[in-house]
Amino acid sequence: MRVRGFGELEAVIMDRIWNRDPQASTSVREVFDELAAERGIAYTTVMSTMDNLHGKGWLQRERNGKAYRYWPTLTREQHGARLMRDALDAGGRSELVLSHFIEQIGPEEAERLRAELRRVSRRKKA
């Protein structure tokens with residue numbers, strides 16, 4: 001599983017972190033223990049990857065004893081919205097990009113999109 005904007009291991013780690021309680025932080029050890037149960041991986045690999053994610057601005061951290069506690073700077077949904085914005089900005093004429101996108105979504109997704117546009121419009125007017 002690769003999430004756009006992340007390397008393969010970065011995407012796996014971010015997925016694990018996003019699956020946690022959004023109010024909680026996590027340690028390298030906690031993420032490592034989960035990953036090590038499924039694949040052969042070194043603790044230092046997880047530690048350096050989480051440090052890289054911090055350096056790139058995807059994770060925040062604070063020292064907790066000798067280790068750090070990490071949490072994401074964006075939710076998974078905020079990240080998805082950022083990717084959508086990037087695609088809209090990079091795709092040429094934005095009205096055509098939107099048109100092609102709308103043509104590709106199904107009726108249920110189209111209705112959710114209309115409902116969300118109405119909700120946002122009402123909120124902006126208030």
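Two strands count as paired if DSSP finds at least two bridges between them. On that basis, leucine 59 has proline 72 in S3 as its bridge partner. The structure is a predicted model, and its chain contains six helices and three strands. Along the sequence, these elements follow the pattern α-β-α-α-β-β-α-α-α.

**Overall dimensions**

- The chain has a radius of gyration of 18 Å, whereas a compact globule of 126 residues would have one near 14 Å.
- Taken along the principal axes, the C-alpha atoms fill a box of roughly 50 × 35 × 25 Å.
- Of the 126 residues of the chain, 26% count as buried.
- Among contacts with a separation of 6 or more, 40% are accounted for by residues 24 or more positions apart.

**The three-stranded sheet**

- The three strands form an open sheet in the order S1-S3-S2, and the pairing is antiparallel.
- S1 and S2 stand at the edges with a single partner strand each, so one side of each has no neighbour in the sheet.
- In general, strands of a sheet pair through backbone hydrogen bonds, in either a parallel or an antiparallel manner.
- Strand S1, residues 26-27, is joined to strand S3, residues 67-72, by two bridges.
- Within this pairing, threonine 26 has tyrosine 70 of S3 as its bridge partner.
- Strand S2, residues 59-64, pairs with S3 over six bridges in the antiparallel sense.
- Tyrosine 70 in S3 is also the bridge partner of arginine 61, while arginine 63 stands opposite tyrosine 68 in S3.
- S2 and S3 form a hairpin with two residues between the strands, where glycine 65 takes a positive phi near 70 degrees.

**Arginine and tyrosine side chains on the sheet**

- Tyrosine 68 has the charged end of arginine 61 over its ring, 4.0 Å from the ring centre.
- The charged end of arginine 63 likewise sits over the ring of tyrosine 68, at 4.5 Å from its centre.

**The nonpolar core**

- The largest nonpolar core has 20 residues, of which Ile13, Leu35, Val46 and Met50 touch the most other members.
- Helix H1 (8-18), helix H2 (28-36) and helix H3 (43-55) are the elements that give two or more residues to this core.
- H1 provides the largest share of the core, with seven residues.
- Leaving aside residues up to four places away in sequence, valine 46 touches Ile13, Val28, Val31, Phe32, Leu35 and Ile41.
- Two of these partners of valine 46, Ile13 and Leu35, are also listed with Val46 among the residues that touch the most other core members.
- In soluble globular proteins, nonpolar side chains tend to be buried together.

**Aromatic residues**

- A search of the whole structure finds four aromatic pairs.
- One aromatic cluster is formed by Phe6, Trp18 and Trp58.

Methods. Residues numbered from 1 in each chain as written. Predicted model: local features only at pLDDT ≥ 70, side-chain atom pairs only at ≥ 80, totals over all residues. Heavy atoms only, no water. Core = buried A, V, L, I, M, F, W, Y, C linked by side-chain atoms within 4.5 Å. Buried < 20%, exposed > 50% of the residue type's maximum accessible area, 1.4 Å probe, protein only. Helix = DSSP H or I, 4+ residues; strand = E, 2+ residues; numbered from the N terminus. Contact = heavy atoms within 4.5 Å. Phe/Tyr/Trp six-rings, centres within 6.5 Å; stacked < 30°, edge-to-face > 60°. Lys NZ or Arg CZ within 6 Å of the ring centre and 35° of its normal. Rg over C-alpha atoms; globule rule 2.2 N^0.38 Å.
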